Each structure stands twice: as C-alpha cells, then as structure tokens.
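Subject: Structure for you to look at

Hello,

Here is the structure I promised to send over. Please open it alongside this note; what I found follows below.

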Amino acid sequence: MSQSIEVLNLRTQRDFQYVLKMETQMKGLKAKFRQIEDDRKTLMTKHFQELKEKMDELLPLIPVLEQYKTDAKLITQFKEEIRNLSAVLTGIQEEIGAYDYEELHQRVLSLETRLRDCMKKLIDLKNRKEEKRQQKGEA
C-alpha cells in the first residue's frame, strides 16, 4: 500500500509539474494574445490614420475630376458637332463634285458676262438720268 501511495504521489507530483508547466505556457500564451490584440488595435488605428491622411490628400482631386467629367462631356459634344459638320461638308463636296472643272469654268464665265451686262445697264441708266437732269436744267 505504501508502494501504491508512493506511485500515486509520484504521479501526482508529475501531474502537478505538468500543470505548473502548462500554467506558465498558458500565461505566456495569454500575454501573447493580449499583445496581439493591442498590436491589432494599434495597427488598426495607425492604418485608419494613414487611410484618413490619404483621403485628405485626394480630396483636392474631386474638383479636378468634376472638371474632367465636364470637359469629357464637352469633347463628346464637339465630336458630335464635328460628325455633323463632316456630313454637311461631305454633302457639299458631293454637290460640288457633281460639276466638273470645265462646267464650273463655264458657269463662272457666264456669271461674269451677266455681271458686265448689269454694270453696263446701270451705267446707261445713270447716264440717261444725268441727261434728263441736264435737259431739265436747260429748259
């Protein structure tokens, strides 16, 4: 029986040593968890502060981006106007292209002749008016 008590005592001491060792490890582990939690809070605060600072740096970009959007819309409108203008110019070019050079030259000559005839008629009309004035002045 004393041998059984001795074995039990040895086992109890061994278990007690094991429990003490585990307690130390548990305290170390608890301290590590506390440290990790503190580090996490510190890191979160630090990261939040860094993120806030970056946002503050980017804040002046908002008006620039708004202006960019406005400019982009304006460019889109210009592109549409250019497309419309291109269509009109293409129509004009096709219309002009319908006449060959010789035909256009003949039309210009015809218009010049008509213009000279009109000028002669104006000069004749002017001369007649002056003659009538002179005749009234003599009478």
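A patch of positive charge sits on the surface, and Arg128, Lys129, Lys132, Arg133 and Lys136 form it. Bear in mind that this is a predicted model. Is Arg133 buried or exposed? Its relative accessibility is 61%, so Arg133 counts as exposed, the cut-off for that being over 50%.

Charge across the whole chain comes next. The protein chain carries 27 positive and 25 negative side chains. The centres of those two sets are 5 Å apart.

Now the fold. The protein chain has 3 helices and 0 strands. Read from the N terminus, the order is α-α-α. The chain is more spread out than a compact globule, because its radius of gyration is 53 Å, well over the 14 Å that the globule rule gives for 139 residues. The box tells you about the outline: along the principal axes, the C-alpha atoms fill roughly 175 × 40 × 15 Å.

Last, the surface. How much of the protein chain is made up of buried residues? The share is 0% of the 139 residues; buried here means under 20% relative accessible area. The accessible surface of the chain comes to about 13900 Å². Carbon and sulfur atoms account for 61% of that area.

Best wishes

Definitions and conventions. Residues are numbered from 1 along each chain as its sequence is written. This is a predicted model: local features need pLDDT of at least 70, side-chain atom pairs count only at pLDDT 80 or more; totals for chains, interfaces and linings use all residues. Side-chain values use heavy atoms; hydrogens and water are left out. Patches are made of residues with over 30% relative accessible area and no salt bridge: like charges are joined within 9 Å, nonpolar side chains (Val, Leu, Ile, Met, Phe, Trp, Tyr) within 5 Å. Accessible areas come from the Shrake-Rupley method with a 1.4 Å probe; for residues, only the protein chains shown count as cover. A salt bridge is a side-chain nitrogen of Lys or Arg within 4 Å of a carboxyl oxygen of Asp or Glu. Lys and Arg count as positive and Asp and Glu as negative; His and the chain ends are not counted. The place of a charge is taken as NZ of Lys, CZ of Arg, CG of Asp or CD of Glu. Buried means under 20% relative accessible area, exposed over 50%, partly exposed in between (1.4 Å probe, protein chains only). Helices (H or I, at least four residues) and strands (E, at least two) are DSSP runs, numbered from the N terminus. The radius of gyration is taken over C-alpha atoms; the globule rule is 2.2 Å times the number of residues to the power 0.38.
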